[in-house]
Amino acid sequence: MGKDRPFLEELSAMFKALGDPTRLGIVLELMETEKCVSEISSSLSISDSSTSHHLRSLRQLKLVKRRREGQKLFYSLDDHHVYLILTIGLEHQEHRGREEER
């Protein structure tokens, strides 16, 4: 699977972003439905400015997208691939947890 360096760097940046607990929490929140900054902030108990900062990074990596409705911005996962990556990660973690219980 000979991928070039820029491709590998972009893929690495995506996984690095998801390796941050706050950013991971944000994308997991968006698995359910689109949300505005204040909804995400409230759910994760972090400030609106911190949430916006993380969302900016996630948008640059094409993990989330936004939609404007009047003055409000609503965020959602960028596409179904992001949803699948998260779902597989969650399944893997749950599987590991069950294995450790044995």
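**Entry 1: helix α2**

I looked up which residues of α2 are buried, meaning under 20% relative accessible area, with exposed over 50% and partly exposed in between (1.4 Å probe, protein chains only): they are R23, G25, I26, V27, E29, L30 and M31. The model is a predicted one, where local features need pLDDT of at least 70, side-chain atom pairs count only at pLDDT 80 or more, and totals for chains, interfaces and linings use all residues. Residues are numbered from 1 along each chain as its sequence is written, and side-chain values use heavy atoms, with hydrogens and water left out.

I noted that helices (H or I, at least four residues) and strands (E, at least two) are DSSP runs, numbered from the N terminus. Helix α2 covers residues 21–32, which is 12 residues. From first C-alpha to last it reaches 18 Å, close to the 16 Å expected at 1.5 Å a residue; the expected span is 1.5 Å times one less than the number of residues. At the start of α2, I found a side-chain oxygen of D20 within 3.0 Å of the backbone nitrogen of T22.

**Entry 2: the sheet**

I then turned to the strands. Three of them form an open sheet in the order β1-β3-β2, with antiparallel pairing. The edge strands, each pairing on one side only, are β1 (35–36) and β2 (64–69). Two strands pair if DSSP finds at least two bridges between them. Between β1 and β3 (residues 72–77) I found two bridges, and C36 stands opposite F74 in β3.

β2 and β3 are joined by six bridges, also in the antiparallel sense. R68 has L73 in β3 as its bridge partner. The two strands β2 and β3 make a hairpin with two residues between them, and G70 in the turn has a positive phi of about 65°. I also checked the cover on β3: five of its six residues are buried.

Contact here means heavy atoms within 4.5 Å. Axes are lines fitted to C-alpha atoms, for helices over the stretch in contact, and angles run from 0 to 180 degrees between N-to-C directions.

The axes of α2 and helix α4 (residues 48–60) come within 10 Å and cross at roughly 80°. That makes α2 roughly perpendicular to α4, because angles of 65 to 115 degrees count as such, while those under 35 are roughly parallel, those over 145 roughly antiparallel and the rest oblique. On the α2 side I listed T22, R23, I26, V27 and L30, which meet T51, H54, L55, S57 and L58 in α4.

**Entry 3: two residues of α2**

I26 lies in helix α2 and counts as buried because its relative accessibility is 0%. Not counting residues up to four places away in sequence, I26 touches I40, L44, T51, H54, L55 and L58. I26 and F74 are 48 residues apart in sequence and 13 Å apart in space, C-alpha to C-alpha.

L30 is also in helix α2 and is buried, at a relative accessible area of 4%. Leaving aside neighbours within four places in sequence, L30 is in contact with K35, I40, L55, V64, Y75, S76 and L77. From L30 to L63 I noted 33 residues in sequence and 10 Å in space, C-alpha to C-alpha.

Methods: A polar contact is a pair of N or O atoms within 3.5 Å; within protein, one must be able to donate a hydrogen and the other to accept it, and residues adjacent in sequence count only if both atoms are side-chain atoms.
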